2 protein chains.
Amino acid sequence: MLIIGEKINSSRKSIKEMVENKNTEFIRELARKQVECGAQMLDLNIGTIRKNEPENMQWLVRTVQEAVDVPLCIDSPNYEAIKAGLEVYNWDKGKALINSVTAERERLELILPLVKKYQCSVVALTMREEGISHDSKERFKIADELVKKLTDEGIFIEEIYIDPLTLPVSTNIQNANIVLETLKRVKDSYPQVKTIIGLSNISYGLPERRLLNQSFVVLAMVFGLDAVILDSTDKNLMALIKATDLLLGKDKFCKQYLKAFREGRL
Amino acid sequence: MLIIGEKINSSRKSIKEMVENKNTEFIRELARKQVECGAQMLDLNIGTIRKNEPENMQWLVRTVQEAVDVPLCIDSPNYEAIKAGLEVYNWDKGKALINSVTAERERLELILPLVKKYQCSVVALTMREEGISHDSKERFKIADELVKKLTDEGIFIEEIYIDPLTLPVSTNIQNANIVLETLKRVKDSYPQVKTIIGLSNISYGLPERRLLNQSFVVLAMVFGLDAVILDSTDKNLMALIKATDLLLGKDKFCKQYLKAFREGRL
């Protein structure tokens, strides 16, 4: 499973300040820390800083790629910011992941040429103009439409990451089940399509969020989750993912688990 | 999910000594501790003490039932020990769970009259004389035979707990998957039949066993696990089960989770 570090996100106050002040060393250190702890890709999300998002994204892409050798997930609701980020992206560090397209026609028409131009991967959110459905059948229907549209446009099916959209379980007790059912439907219908979730949103508004995040990633892994955006510096969470990989038969001879143990990561 | 405390088990050296020396206060304290930490039933297993198992089981049943108000799981490969335990069982504390019958004809013929006589619940292991299969289809086939035999004999289907048998993942990387697939097959075919696992065996022979135990219980809960024998004094494990209940939509208004938080159990 692809581990994507979540920490460079301007919804965290310290990140917002550091990006606004262009604190290169802080951002580099945070990038390094996440990769050291096991992130194989880093998410860059500065959507809460309205001003100069394209310029900030360019600065962020450059700054992070000077510090670490992993690919980046360019995460923004703003087409201009994604475009700007990709323009300065260092492709020697691996393929970028655009986050995201939706079934909203306008957004799809803007983002699609970027995916084609850079031949990168893309996250497709299971939502339309009307909002987010509470029904996994409906979310799958959107995923199905998006997969068809994207592959019709020549995007390789393996480059599509479906995000079934994680809403807090505190607002609807079925919110985790809806995600799990959508993941199952997607994988049953399209084994080659990848799936992705942002983990921590599930626990928003509840105490001891780490427990809910831990449980939720294990639950999602049962249904073949391919990528997850999470806090890779959370040692317990990362260790639990390794244990789950092992139990699901994906860690031959328990090699990765034992390696992590020897390195003090469990 | 029914939480069954595992700690009164003579494979732990201290327990073996305390039972051999009839240390009433030690056993009572251990029983109380497990119940305080959330066990709703206690497992009594002294199978490794070969001498006087029936007498020891009687002493243990009496001693534990004097200390706590939960039902017991009488766990032994020895028919005489189960029979002896049931003879002194205090039925005011709730229905006993006999652990276990198998598809071995002799064992089934011995245990069945006890289940009928006492109208208690019974664990049915998915194994025969020949041993334990590595194929979940075969384990389900045995479960299927056992459910049919037991219900033909008048045992209520809700009183049957199928145990798909947890072997260490260190000896076969598919051992967790085999259990999960068997659980799924049982629940798909017999929604009313209950399922049970002994948790900690999965992690035998590997470091940081707590991680594997934590992950495995979450995985099993996806497939509708009804009962689990575990260390209820492991706070993290118990908290993760509460988080999983919540995520699976079984904790209306997050009531149990928030209660556990207020009580300092998360």
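These are my notebook entries on a predicted model with chains A and B.

**Entry 1: the interface**

I looked up how chain A and chain B meet. The contact draws 35 residues from chain A and 35 residues from chain B. Between them the two chains bury about 3000 Å², and 77% of that lies on carbon and sulfur atoms. I then checked which residues of chain A lose the most area to chain B, and found Ile173(A), Leu211(A) and Leu247(A). Together these three make up 22% of what the chain A side buries. I also looked for salt bridges across the interface of chain A and chain B, and the rule finds 0.

**Entry 2: two helices of chain B**

Next I took helix H2 (residues 24-36) and helix H3 (residues 53-67) of chain B. Their axes come within 9 Å and cross at roughly 55 degrees. I noted H2(B) as oblique to H3(B) because of that angle. The crossing of H2(B) and H3(B) is right-handed. On the H2(B) side I listed Thr24(B), Ile27(B), Arg28(B), Ala31(B) and Arg32(B) as making the contact. On the H3(B) side the contact is made by Trp59(B), Leu60(B), Thr63(B), Val64(B), Glu66(B) and Ala67(B). I sorted the residues of this contact into 6 nonpolar, 2 polar and 3 charged.

**Entry 3: backbone details in chain B**

I looked at the peptide bond from Asn99(B) to Ser100(B), which is cis, with omega near 25 degrees. Ser100(B) sits in strand E4 (residues 97-101) of chain B.

I also looked up Gln119(B), which is not a glycine but has a positive phi of about 45 degrees. I placed Gln119(B) in the loop between helix H5 (105-118) and strand E5 (121-125) of chain B.

Technical notes
Residues numbered from 1 in each chain as written. Chains lettered and ligands numbered in written order. Predicted model: local features only at pLDDT ≥ 70, side-chain atom pairs only at ≥ 80, totals over all residues. Heavy atoms only, no water. Axes fitted to C-alpha atoms, helices over the stretch in contact; angles between N-to-C directions. Helix = DSSP H or I, 4+ residues; strand = E, 2+ residues; numbered from the N terminus. Parallel < 35°, antiparallel > 145°, perpendicular 65-115°, else oblique. Left-handed = near helix turned anticlockwise from the far one by under 90°. Contact = heavy atoms within 4.5 Å. Nonpolar A, V, L, I, M, F, W, Y, C, P; charged D, E, K, R; others polar. Buried area = accessible area lost by both parts, 1.4 Å probe. Salt bridge = Lys/Arg side-chain N within 4 Å of Asp/Glu carboxyl O.
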